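Subject: Structure handover

Hello,

I am passing this structure on to you, together with some notes. Please look through the sequence and the coordinates before reading further.

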Amino acid sequence: MDVSCTKEEFIRDFSKQIQNKSASLFIGSGLSRAAGYVDWKGMLKEVAEDIGLNVDKEHDLISLAEYYVNSKKNRSKIDMALSQFFSKKIEPTETHRILASLHITNYWTTNYDKLLEHTFEELNMTYSFLTNDQSLKKYINGNEIIIHKLHGDVDTPNEAVITKTDYDEFAYKHEILLSKLKGEMCTNTFLFLGYSFSDTDINHILTRIKLFYKGQPARNHYCIQEIVKQKENEPKEEFEYRKRKQDHHILDLQNYGVHTVLVEDYNQDIPKILNEIKKRINANNVFISGACDDTNENLNEYVDLTKNLASWLIKKDYKIYTGYGQNIGSAIISGVYDVLQNKHYYLKKFSDQVVILPFPYKSKFSEKEKKEVYEKLRKDYISNTQIFIIINGTKKYYAKQIISSGAIDEFEIANKLGCLIIPIAVTGGAAYEIWEKMKEFNTQYTNSTEFNSLIEHKDCKTILKNIDNILKKYM
């Protein structure tokens, strides 16, 4: 029987929740193991040996940790093991990086490691983390991302939730955080990744929500599991038993509003699914590239086109990213403000409509450092978009106008990321050079009437109409 949720259904719904700012993530140990961290058995191997037990024969590792404390009258070795195994810095996985790019602000985890923190630091994203009710006192509102580390953090191993006593006291010491989680599960849609649902406190929250809403979950939530596959030399009966057990687990989760998406390969399929979600939520994000020197004889024409393009995009509910190229950047800002001053668009905020890429022009970098910094900035911003439009793209070099190398770099990045490229070739400069280069691609798009029209029409209305046709046909 098919009891799982389809990938398409999940991608469609969760993408909408992200766009509505009503999505949260719950990260379990499965994602940390995929990155290279040990599991509990690896961490508690020596602890078990010290009290005459074999960790491979133990299934209740929480009780195993408690046995050690009972026997040794302290937990110092457990704390040392936790610190030893989880303090080493491990490279974030592709999954971690994609999750960070989805701009979800609420993360919940039972992991001790700092993979999430390292991911945000790598991407220059600000965050705060909370570990218990006491940590709420130190929380400074304003950091966009919050990591709720329910079982503690590697930096304070003595406070980590790991023994049976810790779990017994968990609800008392985390009462406020758990209330926050319960409320969020009623308002947001959660995606559980790498999480087994073996934590009694989380299951208790799902149960209380269900009871409060008279048997109906308040929200749909999702988890991703790898489908049970037959192992080598495994008897058919044992395989079918494991398969039936997975089906029953999936049905049970549905009773609490958690719908399961089954995949063939957990580590390979999750990045693919998350990338598809990223494409959906970025579908209306446009990067406008280009620059135009003050001495360009067509400057006024290109500025007018840019203003009208920016206004048109905002009216169509697109979000604009820009590197603020000479004259083109200011024209974009003017076009956006023209729309926002209209009473029909008063609910739109400027900061929600435009993202400006700040290049550190005045910084004293070597040429190599400058190239690396600019490339990283461009990648970070363009990776949030699915549409790339370029207007002109020239700069003055001594007495001559030359192609802007930055505009070409932005095109190369956007092309590698799979953006829809719209070079308004009639404006010349880098836009024309890119259009010519793309003609060599010999694709359905670059051979189309719409693409060829990018070099034929100069009047603003016709250009905007043509861009509209491209977006409708190829997005």
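The notes below go through the sheet, a pocket, the surroundings of one glycine, a helix and some salt bridges.

Please keep in mind that this is a predicted model.

The sheet

There is an open sheet of seven strands, paired in the parallel sense, and its order is β3-β4-β2-β1-β5-β6-β7. The edge positions belong to β3 (127-130) and β7 (258-263); each has a single partner strand, so one side of each has no neighbour in the sheet. From one strand to the next, the twist averages 20 degrees.

Within the pairing, S24 stands opposite F190 of β5.

The second largest pocket

The second largest pocket holds about 1,100 Å³ of space. Its lining is made up of 38 residues, and those closest to the centre are S29, R33, G194, S196 and S198. Elements that give two or more residues to this lining are α2 (29-35), α3 (40-43), α5 (61-72), β6 (221-226), α12 (236-254) and α13 (266-281). Which of them gives the largest share of the lining? The answer is α2, with five residues.

G393 sits in the loop that runs between β11 (387-392) and β12 (394-397). Is G393 buried or exposed? Its relative accessible area is 0%, and since buried means under 20%, G393 counts as buried.

Leaving out residues up to four places away in sequence, G393 touches G290, A291, I402, I403, S404, A407, G429 and A430. Of these contacts, A291 is 102 residues from G393 along the chain, yet the C-alpha atoms of the two are separated by 4.5 Å.

S404 is also one of the residues that G393 touches. S404 is found in the loop between β13 and α18, and at 12% relative accessibility S404 is buried as well. Apart from neighbours within four places in sequence, the contacts of S404 are G393, T394, K395 and A430.

β12 and β13 are antiparallel and pair over four bridges. Y397 has K400 in β13 as its bridge partner. Two residues lie between the strands of the hairpin, and Y398, in the turn, has a positive phi of about 55 degrees.

Helix α19

G429 and A430, both touched by G393, belong to the buried residues of α19, which are G429, A430, A431, I434, W435 and M438. What covers these buried residues? The cover includes β11, β12, β13 (400-403), α18, β14 (420-424) and α20 (449-453).

Salt bridges

How many salt bridges does a search of the whole structure find? It finds 25.

E412 and K437 form a salt bridge, with the closest N and O atoms 2.7 Å apart. This pair links distant parts of the chain: E412 is in helix α18 (residues 405-416) and K437 is in helix α19 (residues 429-439), 25 residues apart. E412 is partly exposed, at a relative accessible area of 28%, and K437 is partly exposed too, at 37%.

E46 forms a salt bridge with K77, and here the closest N and O atoms are 3.7 Å apart. K77 counts as partly exposed, at 25% relative accessibility.

The salt bridge between E169 and K173 has its closest N and O atoms 3.2 Å apart. Both residues lie in helix α9 (residues 164-173), four residues apart, which is about one turn of the helix. E169 is partly exposed, with a relative accessible area of 33%, and K173 is partly exposed, with 46%.

Finally, a network of salt bridges links K114, E117, K149, D153 and D155.

Regards

How values were computed
Residues are numbered from 1 along each chain as its sequence is written. This is a predicted model: local features need pLDDT of at least 70, side-chain atom pairs count only at pLDDT 80 or more; totals for chains, interfaces and linings use all residues. Side-chain values use heavy atoms; hydrogens and water are left out. Buried means under 20% relative accessible area, exposed over 50%, partly exposed in between (1.4 Å probe, protein chains only). Contact means heavy atoms within 4.5 Å. A salt bridge is a side-chain nitrogen of Lys or Arg within 4 Å of a carboxyl oxygen of Asp or Glu. Two strands pair if DSSP finds at least two bridges between them. Axes are lines fitted to C-alpha atoms, for helices over the stretch in contact, and angles run from 0 to 180 degrees between N-to-C directions. On a 1 Å grid over the protein atoms alone, a cavity is a set of points where a 1.4 Å probe fits but cannot get out, and a pocket is an open set with protein on both sides within 12 Å along at least five of seven lines; lining residues have an atom within 4 Å of a point. Grid points are joined across faces, edges and corners, and a volume is the space filled by probe spheres set on the points.
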